[in-house]
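Subject: Handing over the structure

Dear colleague,

Please find below the structure that I promised to pass on to you. Once you have had a look at it, read on for what was found in it.

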Amino acid sequence: MTDISHSFTLKAIRLPGIGLWKQANWIVRIATLVGLALVVLSVAAPLVAPFDPNDQSLISRLRPPLGFDRYKDGFFLGTDELGRDILSRCTFGLRLTFALALAGACISLLIGGTLGLVAGLAGGHLDDLIMGLVDAQIAIPMTLIALLTLSVFGSSIDIMILVLGIYGWEQFARIIRAEVKKLRQMPFVEAAQAAGAPPLRIAFVHVLPNVVSPIVVQFTLNFSNIVIWESTLSFLGLGVQPPTATLGSMVGTGRDYLPTAPWIVLAPALTILLLTFAVQILGDWLRDHADVRLRSR
Amino acid sequence: MIGPVLKVEDLRVSFGGFEAVKGVSFELGARETLALVGESGSGKSATALSILRLIEREGGRITSGAVLLENDGGKTDLRHLREDALTGVRGNQISMVFQEPMTSLNPVLKIGDQVSEVFIRHRGMSKRDALAAAKQGLDEVRIPEPARRLSQYPHELSGGLRQRVMIAMALACRPKVLIADEPTTALDVTTQAEILRLIKSLQDEIGMGVLFITHDMGVVAEIADRVVVLRHGEKVEEAPVEDLFARPQAPYTQRLMAATPKLGEGSTTREAGLETVLSVDNLSTRFAKSKSLFRKADAGTLAVDGVSLTVRKGETLGLVGESGCGKSTLARSILRLIEPESGRVEVSGQLLTGLPPRQLRASRKNVQMVFQDPYASLNPRLSIKALITEPARIHGMVQAREIRDLAASLVSRVGLEEDAIDRFPHQFSGGQRQRLCIARALSVSPKLIIADEAVSALDVSIACQITDLMLDLQQRDGLSFLFISHDIAVVERVSHRIAVMYKGKIVETGSWEDVLRHPKHAYTQKLLAAVPSPDPARRRLLDDRLEHQDIAV
Amino acid sequence: MIGYTLRTLIKMAVTLFVIVSLVFFATRLSGNPVDFVLGVGITEDDKQLLIKYYGLDGSIWTQYWHYLGSILSGEFGLSFLERRPVSAIVAERIGPSLKLIFGTMVFTFCVSIPLGIAAAIYRDRLAGSAIMIIAFLGYAVPAFVLAIVMIMVFSYWLNWLPVVGNSTFSHYIMPTIAMSGMWVAALTRFTRNAMLDVLSQDYMRTARAKGMPERVVILKHGLRNASITLLSVMGLQIAGWIAAGSVVVESIFSWPGIGEMLVRSAIQRDYPVLQFGVLSVAVAVILINAAVDIAYAYADPRIRLAKGT
Amino acid sequence: AEVTVGAANVSDYLDPGRDHSNVGSQFYYNAFDTLVGKNHDRLEMEWVPALASEWKLIEPTLMELKLREGVKFHNGEDLTADDVVFSLNRMYQATFPPYVVRSKDRLSNFAEAIKIDDYTVQVRVEREEPLWETLLNLQQVMIIPEEYTKGLTGDPKVAEDSDFEAFSLTPVGTGPYKVAEFQPGQKVVYERFDGFWGEQAPLEKATVIRMPETASRITALKTGEADIVTNIAPDQLELINADPNLKTEGSATALFHVMIMNVNHPHLKDPKIRQAMSLSIDRDLLNEALWLGKAVVPSSHTMEEMGQLHQPDLVTFEYDMEKAKSLLAESSYNGEEIVFDAFPVYYTNGVLAAQAIMEMWAEAGINGKLNVTEKWTGNDPEMMARSWSNPMYFADPFGSFGVMWAPDGPSEGAGRFNTDEEYAEMWERFRFNGDVELRNAAYAELMDRIKQDPPVLPLYRPFESWAMKSNVNWAPKKGHIPYVLDFRAGSISFN
Ligand SMILES: Nc1ncnc2c1ncn2[C@@H]1O[C@H](COP(=O)(O)OP(=O)(O)OP(=O)(O)O)[C@@H](O)[C@H]1O
Ligand SMILES: Nc1ncnc2c1ncn2[C@@H]1O[C@H](COP(=O)(O)OP(=O)(O)OP(=O)(O)O)[C@@H](O)[C@H]1O
Ligand SMILES: [Mg+2]
Ligand SMILES: [Mg+2]
């Protein structure tokens, strides 16, 4: 027998793609496929969408989807309150939602990650200060921050991304700080110190790569939170500017039609469901599996 | 033997597709102590857990065999017992004591609660009676102030006390069989001796059969009547303890015996040089409780208290002492991984204390450290190549294109295949990982290596390989070692000189012979007396005269 | 202990100071009430008149001074719109809000903790996966969609539940569920993970080896330990509820709560209300955090001892 | 009988003098009276005695009013000339800034009210007033008790600002209902006032509760938690009418949704651009699509409620895409972005209409951009165009167009509209002339100016609907200003 440990920690983590796919159960596989499909759909939105998402046809508003009375030819998922094609708006909405959530989550990660890393590594008063900021953020309702920011700077897409990016940074900061604090106690960090490694090297070579999995997990959480939150902003009338479609704004502004023309809300709501569902499952699965080497200790 | 109380027949246990126990059979008589020995992973715990069918919770499965418990003249096959009947057996007729006393007790429940629970469950007592019984139980295992302990939490107790609580819990219902799975591995030798003594005397009182699991041959020699040796899930030998030590039959048992360091075998070192490599002078390190704007820093603990020592070129200084006496803190203070409070540290003439950070880091190439847990001290995300050459790279001692060669030569120096350098830490066994840690230390050709419990986490045979490797390197390169361990037998084997540490102070230093053969300090004497001797003919530990006593520093 | 308390208090005060200052400047810089409802359809002269009348004519620093002064004197001013003391407004709203939060809390905990435990125990079975899938779905539906769909089904079609107000128990059902949706999902997952951690601990094995029935093992030995981890999460959760308020649920169910008030006063730039509202929410959040810290220390004997100086 | 009303919005304060919002208009008529009353059942103006039993001009600029005797306020006090003088002068000679702001645009001709004896007052105007009754019937000059108000805070002899502020939380009037409970922004509870001077109120109690969410309002009606709900969008009517237990009532409200344009914005200086912005909007299509054809699209800024001053033949505003395109081509327009501001939820179909307008503009070649914001940008020099509403505060072109577009009025004062001497002269003729024909002619001239250099486009009179239980007989009355919830005798009954 070779000397390689046969223990159950030996998993093909080094080959993320194939190895992970093989370990995944059917739910995860479905989630992966759904996720991929949505990515493809959003990338290919201009090819897939049959119409311009903002083209109105006021005379054929509120037409139901294929298979119902008053269905209008070519508008498979029906039309909305201004006679726009829901399928087209959904695909473009998905695209924008995807972009917003991704950019938002990246910004939260950047802000929260940096602060969390600094707080965790530096400790002392800097740590206190950053955690104070985190506390302050928790205590200020996010809706207020959004509202004020949007009203000062207007609700362009850039500002929207910024606002979404502020959402959840404190979670990143907390998690990363805690993780860094834990890692700092790990013998391999001490070993690096004993080897004479300077602080920056310790931060970037030894600590940072090991917080990747909690970050990935938090990222997926944050991503879907942003998707949901963006729709809540639309509900409050603070979402992206009409006529631009995001999944959230379609749901948020279409809600009044839920009793009379449910398809307006249903299609984007289901897309949101699929999107966040896929992202969540993948995130949770990553939490359970990708982190084996640290957690098994 | 008056007929077995417990009989295990052809037991097979699998974890998924992996068979951990492959048809093991043995019998345990009343009042008998049966030792189950074997290297790590040989299936000892799996066997023990299977007896109470706790293995299912760990993800294992009993695939065949029988576990028969003598019961009022009849026999109960535990393997096919219904779950509720089984819970009636657990803790009542068969009970178990586990290795880690800290983690095996529930941290959020009071001791009284955890002990009395057993009485309530199996004896149907009221809460009040159960608490009274629990107090008596604690008294039985000789816990001082049992009444007070009842309302304490596990973390408020020392390791030895915790293990006593575990034993009190296990003995509460006067079981027929006590299974003790490495009950003393996590403890100091002195505490270990107390616990072993306790088990033995209680066994005499209650008359139960004890299945004692350990990998420490010394402990076996002290306590066992008969021994079963496991390897890769199979029984390779079964014999009365005297026979086993006198005439081991199976080749594996013979190897095991040979690898077991025995106190009194003497050191295997060669002559050391004269030049002083490390000199520590009156070093003290304090852990302040907490410092903050609004609280005065209080005195805290003085973990290292005025320690002075020297290590010469090519010399190994062994540092022994019980857990928590400050060995690791001393090592860290020498490297200034913790800032010492006062004192001087010199490495080959260079004063480390007071050095600014940049120079301090540069000085690290002279002193390297090898830690206890080899897995935890290797960054799981870096390749072996990157890991073991890291110190050399930090100190600019190697060009980028030479890294591969350096890594290859390092792994071959510690006896590993060259293709290891492209793998990752989790792909190695414990012994291999410790070799990698040593390779990493060697990458900067240090003058001194501080090995902090560098072999404690390893199996005897693997530990033996590692110490041999270290001796080898010392002879070839004239390396010096500060070798920290609580295992005196290992220290004896590798050291030129030995320092004994107790409560932060060095209480005795001298050549290994002086310290081990003619101990002067009371603590050293006690320590040596507590080391189990791997010779059943010379059992000393269970001698009641060696009772616990406190030693003044 | 006194030092610790003092330190904690000063920290709280600093956090509060940061929060109120942030809110002060953010609101002032984003326009005054005369730019919003009060100013609709008036001339520039009138606008200046109102600005003066509402005391918004000084420099922002003077206003800041006044504001800080007013906080210290415990005098928080009148709402620009309602012209009554803001403390009265907040007092009127805090009750319903707390009731809703309490209901949500009870519901969330009652549902998600058993679910989380079950999901951990049956981790490898279909039941465990099913629970987690439901939990994920909870995460994927915006609260307002859930609320409106529930209203359509349980009130509009079935006429089982009332939609408006907060007078009876049945008024609480839909708002609490709508508000819980996401939290149930989150807490179920947290419970599951905490429970999974605990289930593999040595003391669980000890409890079984003692012959404890499975129920006792899980609930007494397991849950107690898991609850320590959960406690800190729950603290954040409750803080989150209070801070995020529940604008959405409050406006859908015409629930006169604090979340809705905050958003409305922010939209209309009713500074005094907004500032006092944020301040009270922040105080509540900070107090809850402190309370959770204490509870946490109390629940975990290891910390209790360490802190008991 | 009792009713519960689910309203989309409830006022933050209740003071008829200070308020002229669409939200506030709902609440005052039940609890307050004016001196001169109106027959609200009829579209035409028919003045009836209210708190004044008779009135006559004793000089061209002086009117004398005899007060009804035995009128009681809700707090039990008797109404006397002092109360009337106090109430009128709080607006005519306003010192409390919110009153100042409110009185300017419509009451600037009123100089003072004078007490003659306990039941006689005189009202003096600066110039001859053609709209005497109309302006004595205004919500802003509803009568409130003097002693009570002054005594609310501070010195009980002096009317401090804080008295008026306190009044708006605990309002007292002479109407058939007293305000028994008021939670600003949330809830108004009316109870029958037994001491009312007129016909007894039909309801013992009426509760108006805020229910901002459409689905909740409709559902509350269905579950019986509300008997009447307000603000039903046209798209919801079908759903409600399909239910045999429910019905809807609605009317094209006496209010225009308008688009205002900033004539002074650098990009919009050229009137042709604004003409094109206006001409390219197909308001009939908007009506058809968003209002199911139930709204009313005007060609001039008048309403039939204005009686003889209604000028349906005037074509000030029209749809002509071709003309819009050609005007745009002639103009200085170079494709600059024209930002159209809109409130997010305030107006029914507001954002939808705005989006549709953007498409229509695009067709004409106007590069429009929608900006949905809570902020009131009407005073902002950067503002280019925005949606707004122009209610008929009283039944006269002056009460609608006039309130906004008078010389030195709010629009000019906000810097987005200019007048000159010629305009002022036309305005004079329109405002103060006693002769209806001459007034109409002057108004037509004003409209022509507006057409040539448009600062505004009335989109339509929105069709506002209320939904209620089938057994409730209630409908908005023709003679009211918009949104009034009238529960007085003869306005509501049950079967
Ligand atoms: N939960 C598990 N899942 C899979 N394999 C396991 C599990 N627990 C133990 N094993 C494997 O079963 C074998 C026997 O393990 P066991 O714990 O009985 O060893 P042991 O002799 O007690 O070793 P040690 O001295 O380290 O405690 C080992 O190879 C181990 O890797
Ligand atoms: N970071 C720390 N903060 C506070 N006290 C500490 C810290 N590290 C160690 N101590 C205390 O210092 C003392 C010495 O600890 P040290 O780890 O050096 O002991 P040791 O001899 O290495 O024990 P072991 O054999 O268990 O490793 C102990 O009482 C310990 O509790
Ligand atoms: Mg074991
Ligand atoms: Mg140590």
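Since contacts with the ligands come up several times, I begin with a term: a polar contact is a pair of N or O atoms within 3.5 Å, and within protein one of them must be able to donate a hydrogen and the other to accept it, while residues adjacent in sequence count only if both atoms are side-chain atoms. What you have is a predicted model, in which local features need pLDDT of at least 70 and side-chain atom pairs count only at pLDDT 80 or more, whereas totals for chains, interfaces and linings use all residues. Residues are numbered from 1 along each chain as its sequence is written, chains are lettered from A and ligands numbered from 1 in the order in which they are written, and side-chain values use heavy atoms, with hydrogens and water left out.

Ligand 1

Ligand 1 is found between chains A and B. Its shell (residues with a heavy atom within 4 Å of the ligand) holds 15 residues, and the closest of these are B:Ser40, B:Gly41, B:Ser45, B:Ala46 and B:Glu58. Oxygen atoms of ligand 1 take part in several polar contacts: one lies 2.7 Å from a polar backbone atom of B:Ala46, one lies 3.0 Å from a polar backbone atom of B:Gly43, and one lies 2.6 Å from an N or O atom in the side chain of B:Ser45. On its own, ligand 1 has 630 Å² of accessible area (Shrake-Rupley method with a 1.4 Å probe; for residues, only the protein chains shown count as cover), and the protein covers 72% of that area.

Helix H1 of chain B gives the most, with 3 residues. Sorted by class, the shell around ligand 1 has 5 nonpolar, 6 polar and 4 charged residues, where Ala, Val, Leu, Ile, Met, Phe, Trp, Tyr, Cys and Pro count as nonpolar, Asp, Glu, Lys and Arg as charged, and the others, Gly among them, as polar.

Ligand 2

The residues that surround ligand 2 include B:Phe287, B:Ala303, B:Glu322 and B:Glu453, together with B:Cys325, B:Lys327 and B:Ser328. A backbone N or O atom of B:Lys327 is 2.8 Å from an oxygen atom of ligand 2, and for a backbone N or O atom of B:Cys325 the distance to a ligand oxygen is 3.2 Å. The side chain of B:Ser328 has an N or O atom 2.6 Å from an oxygen atom of ligand 2. Taken alone, ligand 2 exposes 630 Å², of which the protein buries 57%. Helix H12 (residues 327-335) of chain B gives the most to this shell, with 3 residues, and by class the shell has 3 nonpolar, 5 polar and 3 charged residues.

Chains A and C

Chain C has 13 helices and 0 strands, and its C-alpha atoms fill a box of roughly 85 × 60 × 30 Å along the principal axes. An unreviewed UniProt entry lists "transmembrane region" for several spans of chain C, including residues 100-122 and 273-299; UniProt positions are given here in the numbering of this model, feature names are shortened, and annotations may be inferred rather than shown by experiment. Residues 100-122 of chain C are 96% helix and 0% strand, with end C-alpha atoms 32 Å apart, and residues 273-299 of chain C are 100% helix and 0% strand, with end C-alpha atoms 38 Å apart.

For chain A, UniProt (unreviewed entry) gives "domain: ABC transmembrane type-1" at residues 94-283. That span of chain A is 81% helix and 0% strand, and its end C-alpha atoms lie 20 Å apart.

A salt bridge between chains

Which side chain does D:Glu213 meet in a salt bridge? The partner is A:Arg255, at 2.4 Å from N to O, a salt bridge being a side-chain nitrogen of Lys or Arg within 4 Å of a carboxyl oxygen of Asp or Glu. This pair crosses between chains, from a loop of chain D to a loop of chain A. Over all chains, the whole structure has 77 salt bridges.

With best wishes

How values were computed:
Helices (H or I, at least four residues) and strands (E, at least two) are DSSP runs, numbered from the N terminus.
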